Amino acid sequence: MVEKSALREFVKDYPLTDYDRKKSDDLLLARFLSLSKTAQSSTILLYYGIGKEPDTARLLEPLTALGIHVALPHCISPGQMEARQYLGAERLIPNFYGIPEPDESCPIVKKKDLSLILVPALCCDERGYRLGHGGGYYDRYLADFQGLTMALCRKKLLLPLIPTEPHDQPVDIIVTENRCLSFS
């Protein structure tokens, strides 16, 4: 879809200084960690933030310190992923996009065992939809997921409306630096 591609390029080029990114990340990650829905989760699938996405790698240690099991996506083929348990930075390898993911020795975490999935988002809208990188990995994975989904979204990138297609999966909660929007 042309509209999505243009929006994706706009967001990727959105000016964000290192200082502004760190300040935004600090607020986003602290808000995410302070949510009762996060603390009540037994197993969370995180994504490993790249580019201008929030630096979600900073969540790995705090979540494991809380006794929460953490999984990361592992690409198994184009457009397909599985969740694998995070067992430390030394067990992460770059996938074919260069994104760190658990190696093959890390156990697979079944989708039914995930309580919460933190879904990557370049931007979100006020209906709960998000714009990803365009590979469709998460929309496919979320299609039959029964647990809670959240997205971190910089408040400047929370838009009234983003283009959607029938296969797009909205999230239950969007976390910004200063508020949470719930759609479930």
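Quick housekeeping. Residues are numbered from 1 along each chain as its sequence is written, and side-chain values use heavy atoms, with hydrogens and water left out. As the model is predicted, local features need pLDDT of at least 70 and side-chain atom pairs count only at pLDDT 80 or more, while totals for chains, interfaces and linings use all residues.

Okay, aromatics. There are 3 aromatic pairs in the structure; rings of Phe, Tyr and Trp (its six-membered ring) pair if their centres lie within 6.5 Å, and planes under 30 degrees apart count as stacked, over 60 as edge-to-face and the rest as tilted. Take Phe 96 and Tyr 97: the ring centres are 5.0 Å apart with planes at 50 degrees, so this pair is tilted. Then Tyr 97 and Tyr 137 have centres 6.0 Å apart and planes at 85 degrees, so that one is edge-to-face. Helices (H or I, at least four residues) and strands (E, at least two) are DSSP runs, numbered from the N terminus.

Phe 96, Tyr 97 and Tyr 137 form one aromatic cluster. Who in there is buried or exposed? Tyr 97 is exposed at 51% relative accessible area, whereas Tyr 137 counts as buried at 11%. The cut-offs: buried is under 20% relative accessible area, exposed over 50%, partly exposed in between (1.4 Å probe, protein chains only).

Now helix α2, residues 18-34. Its 17 residues should span 24 Å at 1.5 Å a residue, and the end C-alpha atoms are 24 Å apart, which agrees; the expected span is 1.5 Å times one less than the number of residues. Buried in α2 are Ser 24, Asp 25, Leu 28, Leu 29 and Phe 32. They cover an arc of only 125 degrees around the axis, which puts them on the same side of α2; the arc is that of the directions from the helix axis to the C-beta atoms. The face turned away from that buried side carries the exposed Tyr 19 and Ser 34.

Last stop, Arg 140, back in helix α5. Arg 140 is partly exposed, at 45% relative accessible area. Leaving aside neighbours within four places in sequence, Arg 140 is in contact (heavy atoms within 4.5 Å) with Gly 79, Gln 80 and Gly 135.
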